[in-house]
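Here is a short report on helices and aromatic contacts. Please read it beside the model.

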Amino acid sequence: MANHKLLIYFFSTIIISLAVAFGVHLLVLDDMQKPLFDNKIVLSYVINFVLVTVIFTIIYLLRNQFKTQLGIFFIIGSAIKFLFFFMLFYPSFNADDNINLTEFASFFVPYSICLLVETFFVAKVLKNLD
């Protein structure tokens, strides 16, 4: 069995990062006296987590067979994330022709956290290629 320390480190980092971000996000919403679980916030964190773990795992597992295509896989993954946003979140956020700050943050906070962690780890994968 291959040594998958980087993959395990990725999973640990993304879980901890999103858990901390979710906690801080809820604290900010509470401080602003906004409803904590409106705007599909839980779905957003879950969808972003699932997508980033699937996309990174695919990139990681295919790193040796498709060295020159990994950047394309990363970009396709980003496009898939935006597709999910426009299918699952945008219609309800824009129902009143206005996307407010809490709606925007409920998707883009977890998206940004996932993107930062994913980019960091994809860079590590690329750096470690033979």
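Phenylalanine 104 and phenylalanine 108 both sit in helix H4, 4 residues apart, about one turn of the helix. Helices here are DSSP runs of H or I with at least four residues, strands are E runs of at least two, and both are numbered from the N terminus. An α-helix has 3.6 residues a turn, so residues three or four places apart point the same way.

This is a predicted model: local features need pLDDT of at least 70, side-chain atom pairs count only at pLDDT 80 or more, and totals for chains, interfaces and linings use all residues. Residues are numbered from 1 along each chain as its sequence is written, and side-chain values use heavy atoms, with hydrogens and water left out.

H4 covers residues 101-127, which is 27 residues. From first C-alpha to last it reaches 37 Å, close to the 39 Å expected at 1.5 Å a residue. The expected span is 1.5 Å times one less than the number of residues.

H4 has a kink of about 30° at phenylalanine 108, shortly before proline 110. The bend at a residue is the angle between axes fitted to the seven residues ending there and the seven starting there.

## Aromatic pairs

The structure holds 24 aromatic pairs. In one of them, phenylalanine 86 and tyrosine 90 have ring centres 5.3 Å apart and planes at 55°, so the pair is tilted. Rings of Phe, Tyr and Trp (its six-membered ring) pair if their centres lie within 6.5 Å; planes under 30 degrees apart count as stacked, over 60 as edge-to-face and the rest as tilted. Both residues lie in helix H3 (residues 70-93), 4 residues apart. Phenylalanine 86 is partly exposed at 47% relative accessible area. Tyrosine 90 is also partly exposed, at 30%.

Phenylalanine 104 and phenylalanine 108 form a stacked pair, with 4.7 Å centre to centre and 25° between the planes. Are these two buried or exposed? Phenylalanine 104 is partly exposed at 44%, whereas phenylalanine 108 is buried at 17%. Buried means under 20% relative accessible area, exposed over 50%, and partly exposed in between (1.4 Å probe, protein chains only).

Ring pairs also build a cluster. Its members include Phe86, Tyr90, Phe104 and Phe108.

## A charge over a ring

Which ring lies under the charged end of arginine 63? The ring is that of tyrosine 60, with its centre 3.9 Å away. A charge sits over a ring if NZ of Lys or CZ of Arg is within 6 Å of the ring centre and within 35 degrees of the ring normal.
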